Amino acid sequence: MATLSTKNIAYALYEATKDKQGKDLETALSNGVAFLANKHLLSRTSEILRELEKIIDEKEGVVRARVETSRKLTKGMEAELEKEIKERYKAKEVHLDTAENRTLLGGLKIQVGDEVIDLTLSHKLAQLQNHLTP
Amino acid sequence: MDSFIATFHIDWKIIVAQAINFVVVLAVLYFLALKPLKKLMRERSERIAKGLDDAKHNATLLAATQKEYDDVLAKARIEAHEIFQQGKIDAQAKRDEMMEEAKKDVETMIANGKKTLESEKVKMVEEAKKEIVALVVKATEKLLEDEDTKSYDEQMVKRVKKA
């Protein structure tokens, strides 16, 4: 018997609930939960929901970016950053999750999915150090 | 003749008897003394002759043995000399070989020492370089900690699209 991957289950849930509202959506969700309970997969609910969120984001053109900076970004800079990320990932919507990290010294570090864009001064210094001491 | 016989009172009978007596004594002497004595003398002469022959033979044998001994000794001397000379040559060759090996070993040791020294030098320079760079980076980090990096942050925000 083939094992059910979290991604496959999430995709099946997405397909089952897609374009549904009200009673139909409720029924589809109930069937989904019953299926998980039946297959003893309720312990993996949080992972499945994360995958489902990724699928929905992908389908709806939403990009979630975790941004780390040494100092809090101004509203103007956040708006500029959203614009840049939208253009880079051709996204309809960008959700920023910002955090301060003094060790970065300057610049910013962005993580979108598995991709990390490191534009921090600490990273530049580390690169310089590696370049000077191979 | 008669007067002579009368003068000397020669009695032919006595003379004959004495002659017979003499012959008997002579015969007795011959058989009992002279013959064994002659035999004894002959045997002694033979023994002496044999002794002389043996002595001669022994002298010849001794001379031959002496010659053989001298020959063997001379040969042994020559062989010993040759062995000694060969030994000297071998020892010289061995010494030269050992010297050559020792020379090579010393050269290898010097080369290895030089290599080790060179690698140690390179290692030391690399370590010093690393430490200097680490110090420079640390100092830069310290300097940047209190710097206002707003303009840099803005530049980086604009570079996100191309990064």
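Me: Which order do the elements of chain A run in, from the N terminus on?
Reply: Keeping in mind that the model is predicted, the elements of chain A run α-α-α-β-α-β-β-β-α from the N terminus on, and in total chain A has five helices and four strands.

Me: OK, and what order do the strands of the sheet have?
Reply: The four strands of chain A form an open sheet in the order S2-S1-S3-S4, and the pairing in this sheet is mixed.

Me: Which are the edge strands, then?
Reply: The edge strands of chain A are S2, covering 93–100, and S4, covering 115–118, and each of them pairs on one side only.

Me: In what sense do S1 and S2 of chain A pair?
Reply: Strand S1 of chain A, which spans residues 62–69, pairs with S2(A) in the parallel sense, over eight bridges. Where these strands are concerned, Glu68(A) stands opposite Ala99(A), a residue in S2(A).

Me: And by how many degrees are neighbouring strands turned against each other?
Reply: On average, and with direction ignored, neighbouring strands of the sheet in chain A are turned by 20 degrees against each other.

Me: New topic: how many residues does the largest nonpolar core have?
Reply: The largest nonpolar core has 19 residues, and among those with the most contacts inside it are Ala65(A), Leu81(A), Ile110(A) and, from the other chain, Val160(B). At least two residues of this core come from each of S1, H4 and S3 of chain A, and likewise from helix H3 (150–159) of chain B.

Me: What does Ala65(A) touch?
Reply: Leaving aside residues up to four places away in sequence, Ala65(A) touches several residues, including Ile85(A), Val94(A), Leu96(A) and Ile110(A).

Me: Which residues does the second core include?
Reply: The second core is separate and has five residues, including Ile9(A), Leu13(A), Ile48(A) and Leu52(A).

Me: Back to the two chains: how many residues does the contact take from each?
Reply: The contact takes 21 residues from chain A and 20 residues from chain B. On the side of chain A that touches chain B, helix H4 (75–89), strand S3 (108–112) and helix H5 (121–132) each supply at least two residues, and H4(A) gives the most, with seven residues.

Me: How do the residues on that side of chain A divide into nonpolar, polar and charged?
Reply: The side of chain A that touches chain B has 11 nonpolar, six polar and four charged residues.

Note on methods
Residues are numbered from 1 along each chain as its sequence is written. Chains are lettered from A and ligands numbered from 1 in the order in which they are written. This is a predicted model: local features need pLDDT of at least 70, side-chain atom pairs count only at pLDDT 80 or more; totals for chains, interfaces and linings use all residues. Two residues are in contact if their C-beta atoms, placed from the backbone, lie within 7 Å. Ala, Val, Leu, Ile, Met, Phe, Trp, Tyr, Cys and Pro count as nonpolar, Asp, Glu, Lys and Arg as charged, and the others, Gly among them, as polar. Two strands pair if DSSP finds at least two bridges between them. Axes are lines fitted to C-alpha atoms, for helices over the stretch in contact, and angles run from 0 to 180 degrees between N-to-C directions. A nonpolar core is a set of buried Ala, Val, Leu, Ile, Met, Phe, Trp, Tyr and Cys residues joined through C-beta atoms within 7 Å. A residue is buried if 20 or more other C-beta atoms lie within 10 Å of its own, exposed if 12 or fewer, and partly exposed in between; C-beta atoms are placed from the backbone.
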